[in-house]
Amino acid sequence: MSGLAKYLLQKGFEVSGSDINDSKYVQKVKKLGAKVYIGHSADNVPEDCTIIASTAIKDNNPEIIRAKELGLKIWHRSDLLAEISENEDFFIGYSGTHGKTTTSGLCSYVMEKANLKPSYIVGGTIPEIETNANCANDRIFIAELDESDGTIVKYSANIVVVNNLEPDHLDFYKNGLDSILETFEKFLSNIRENGIILANTDNDGVKRLVKYFSEHEIGHNAKFVTYSIGGNTDYCAKNINYGEEFTTFDIFYQNEFQTTLKIWLKGVHNVYNSLAVWAGLHQAGIEMAKVNEHFATFTGMGRRFEKIGEINGITIYDDYAHHPTEIKATLSSSKSFKNRNVIAVFQPHRYTRLQNLWNEFMTAFSDVDRVIVTDVYAASEDPIDGVDAKSFVNELKEKTDIVCEHYSGSIAQVAQKLFPTLKSGDIVIGLGAGTITNLGKELLNLNKEQITIGK
């Protein structure tokens with residue numbers, strides 16, 4: 001929502017809005033000229049405006065009620081992003097179950113660093129640039145396209161990157177991957193004339209999507225362009241070297257060597273992410289020599305294996321991963337930390353997700369030495385009998401040799417329990433989409449209070 005507000009403010013629109021709490025995002029849009037109210041109230045609604053609401057805003061919200069009384073137009077945030085993208089000349093959209101924020105952010109970052117002046121709206125803060133949106137009025141517009149609520153069908157892009165497709169958001173997609181594929185079939189059928197679908201065919205869900213469209217016309221003369229690691233695809237990453245500081249790999253296009261790319265990001269999933277961005281820009285006609293060097297200086301999006309700080313030899317990271325595949329990918333990155341004790345602090349996000357992906361979560365923590373599981377972050381859901389952190393930890397203990405513990409209470413209380421057990425050399429990784437993001441701050445604050453670290 002803050003990215004949409006920033007884009008409109010830069011475009012010259014008058015913007016006002018509200019949020020439950022003040023935050024860095026609120027402060028940034030206020031600096032750009034937005035009027036922001038803390039707390040929702042009918043009095044916040046101008047008498048002549050268009051209302052933009054996120055999925056989290058329900059019909060009983062006082063501002064929505066007031067807008068209906070005034071007969072105002074009410075749009076979902078996806079309606080606004082669709083309207084913005086329709087008025088951009090060349091639109092690159094990043095989609096898929098995982099990696100959307102990293103790929104859209106990386107694409108925006110390397111273009112910005114190369115002074116190619118992109119416009120973009122992405123789902124996290126881009127490092128160094130310290131923003132999640134920009135309106136440059138230039139040729140290329142970049143956006144992250146969210147599939148969680150089915151609104152992805154509203155978009156029509158020139159290039160669509162499909163990173164991967166797996167079961168998620170099963171509260172909405174009742175038939176799992178089949179429902180997700182149906183939504184993506186509708187979405188891709190709306191692609192612009194002569195559009196390109198850049199597809200990761202190492203992923204089984206994407207393979208099914210490609211197979212469907214090999215048997216049916218995509219529409220608008222669109223075509224699939226494929227990418228993989230070491231496969232027989234249009235774009236291919238080979239000769240991957242995972243170093244202590246950087247990962248390097250060779251990129252081939254239609255079996256011809258293009259470049260050796262160097263990236264700071266860790267893990268095989270970020271080889272896929274970087275290859276997807278490189279291939280998308282190559283297909284868009286960008287002079288790649290201008291952007292290649294900047295891949296190595298991209299340090300990751302906010303909350304994507306983000307280093308929060310160090311205390312007494314203990315390094316703390318924060319990651320948004322809340323799906324088993326995302327958690328596996330994040331924790332596989334920790335392999336680069338030689339001879340260090342890795343502790344994952346996992347906050348399950350939504351009872352429905354924990355229930356539907358219970359068995360997959362059981363296998364997600366194999367790359368760590370210790371797992372702390374906090375109480376479930378409900379995200380407005382009601383509890384489900386038998387689906388809770390304590391039960392999850394008990395089963396995880398039975399099925400793995402990993403040291404597992406349940407820490408109940410707030411994240412501040414979790415930090416207080418964890419802190420005395422840490423020792424120099426430990427790596428702590430907070431995982432989840434909820435309040436777990438505060439873990440690093442709480443641990444750093446405890447250090448300032450001179451709490452004794454365990455030996």
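About 40 Å³ of space lies in the largest cavity of this predicted model. A cavity is a set of points on a 1 Å grid over the protein atoms alone where a 1.4 Å probe fits but cannot get out, and its volume is the space filled by probe spheres set on the points, which are joined across faces, edges and corners. Searching the whole structure turns up 1 cavity of 30 Å³ or more.

Who surrounds this space? The residues lining the largest cavity are Asp168, His169, Leu170, Asp171, Arg350, Thr352, Arg353 and Asn356; lining residues have an atom within 4 Å of a point. Sorted by class, the lining holds 1 nonpolar, 3 polar and 4 charged residues. Here Ala, Val, Leu, Ile, Met, Phe, Trp, Tyr, Cys and Pro count as nonpolar, Asp, Glu, Lys and Arg as charged, and the others, Gly among them, as polar.

A word on the ground rules: residues are numbered from 1 along each chain as its sequence is written. Because the model is predicted, local features need pLDDT of at least 70 and side-chain atom pairs count only at pLDDT 80 or more, while totals for chains, interfaces and linings use all residues, and side-chain values use heavy atoms, with hydrogens and water left out.

Now to the helices, which are DSSP runs (H or I, at least four residues) numbered from the N terminus. Axes are lines fitted to C-alpha atoms over the stretch in contact, and angles run from 0 to 180 degrees between N-to-C directions.

| Helix pair | Axis distance | Angle |
|---|---|---|
| α13 (residues 411-418) and α14 (residues 439-448) | within 9 Å | roughly 50° |
| α5 (residues 100-113) and α8 (residues 268-283) | within 9 Å | roughly 50° |
| α1 (residues 2-11) and α2 (residues 24-31) | 10 Å | about 10° |

Angles under 35 degrees count as roughly parallel, over 145 as roughly antiparallel, 65 to 115 as roughly perpendicular and the rest as oblique. In α13, Ile411, Ala412, Val414, Ala415, Gln416 and Leu418 meet Leu439, Glu442, Leu443 and Leu446 of α14, where contact means heavy atoms within 4.5 Å. This contact has 8 nonpolar, 1 polar and 1 charged residues.

For α5 and α8, the crossing of roughly 50° makes α5 oblique to α8. Thr102, Thr103, Leu106, Cys107, Val110 and Met111 in α5 meet Asn270, Asn273, Ser274, Val277 and Leu281 in α8. That contact has 6 nonpolar, 5 polar and no charged residues.

Finally, the angle of about 10° makes α1 roughly parallel to α2.

Conventions:
1 Å grid on protein atoms, 1.4 Å probe; cavity = no way out; pocket = protein on both sides within 12 Å on 5 of 7 lines; lining within 4 Å. Helix = DSSP H or I, 4+ residues; strand = E, 2+ residues; numbered from the N terminus.
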